[in-house]
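I opened this notebook to record what I looked up in the structure. The entries follow in the order in which I made them.

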Amino acid sequence: MIPPGEEGKVAIKVNTKGYGGRTLKKYIYIITNDEKNSKLKLTIAGEVESFALITPKKIKLRGSLDKPVTANVKIVPKKKYPFKIISTRLKKEGYIKYDLKKINGSNGHEYLLYVENIKKKKGRYFNVIYLTTDSKIKREIKISIYGDIFKKDVQEGKN
């Protein structure tokens, strides 16, 4: 409690998870006993630095059973936040196989994640590949995979 006419500090902690490379905007409401200003609205806004450049951020494996359905994700650590990927794991076994390779890029070491559908029946699925890093800033990178596999190529099915 801050006495009338005095100064005080308000500590605010903001969770920036998921905002890397984007603008964050949050509102904080402060309740006072001032009859004219009983509720104050504070706005916190700013750019949240990204830890790495991840392209694309999500994988969509869409295609037919008769052709390979694959995707690549490029992971480039920012110079300011260098890290190494030390392990990988899959949320659910099955439906996909993947391979992570360290490659030389313009900024030094980069990573290329190759993902391939191995589902043998039509249908949709969701999975996640977790990439564990040696960074104290961000221990884990999450790559979401959305699969949509159908019986035969849509283009070939048209007459």
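**Entry 1: Lys101 and its partner**

I began with Lys101, which is partly exposed, with a relative accessible area of 47%. I note that the model is a predicted one. I then looked up the salt bridge that Lys101 forms with Asp99, and found the closest N and O atoms to be 3.0 Å apart. Asp99 also counts as partly exposed, at 34% relative accessibility.

**Entry 2: Salt bridges across the chain**

I next asked how many salt bridges a search of the whole structure finds. The search gives seven. I recorded that side chains of opposite charge can pair when their charged atoms come close.

I looked up the accessibility of Arg62 and found a relative accessible area of 55%. Arg62 is therefore exposed, since the cut-off for that class is over 50%. Arg62 and Asp148 are also linked with Arg124 in a network of salt bridges.

Another pair joins Arg89 and Glu140, whose closest N and O atoms are 3.3 Å apart. This pair links distant parts of the chain, with Arg89 in strand 6 and Glu140 in strand 10, 51 residues apart. Arg89 counts as partly exposed at 42% relative accessibility, and Glu140 counts as partly exposed at 33%.

**Entry 3: The nonpolar core**

Which residues touch the most other members of the largest nonpolar core? I found that this core has 24 residues, and that Ile59, Leu61, Ile75, Ile96, Ile129, Ile141 and Ile143 touch the most other members. At least two residues of the core come from each of strand 3, strand 4, strand 5 (70–77), strand 6, strand 8 (108–117), strand 9 (123–133) and strand 10 (140–150). Strand 10 gives the most, with four residues.

**Entry 4: Backbone details in two loops**

Thr55 and Pro56 are joined by a cis peptide bond, with omega at about -15°. Pro56 lies in the loop between strand 3 (52–55) and strand 4 (58–64).

Tyr95 has a positive phi, near 75°, although the residue is not glycine. I located Tyr95 in the loop between strand 6 (85–90) and strand 7 (96–105). Is Tyr95 buried, partly exposed or exposed? Tyr95 is partly exposed, its relative accessible area being 40%.

Key:
Residues are numbered from 1 along each chain as its sequence is written. This is a predicted model: local features need pLDDT of at least 70, side-chain atom pairs count only at pLDDT 80 or more; totals for chains, interfaces and linings use all residues. Side-chain values use heavy atoms; hydrogens and water are left out. Buried means under 20% relative accessible area, exposed over 50%, partly exposed in between (1.4 Å probe, protein chains only). A nonpolar core is a set of buried Ala, Val, Leu, Ile, Met, Phe, Trp, Tyr and Cys residues joined through side-chain atoms within 4.5 Å. A salt bridge is a side-chain nitrogen of Lys or Arg within 4 Å of a carboxyl oxygen of Asp or Glu.
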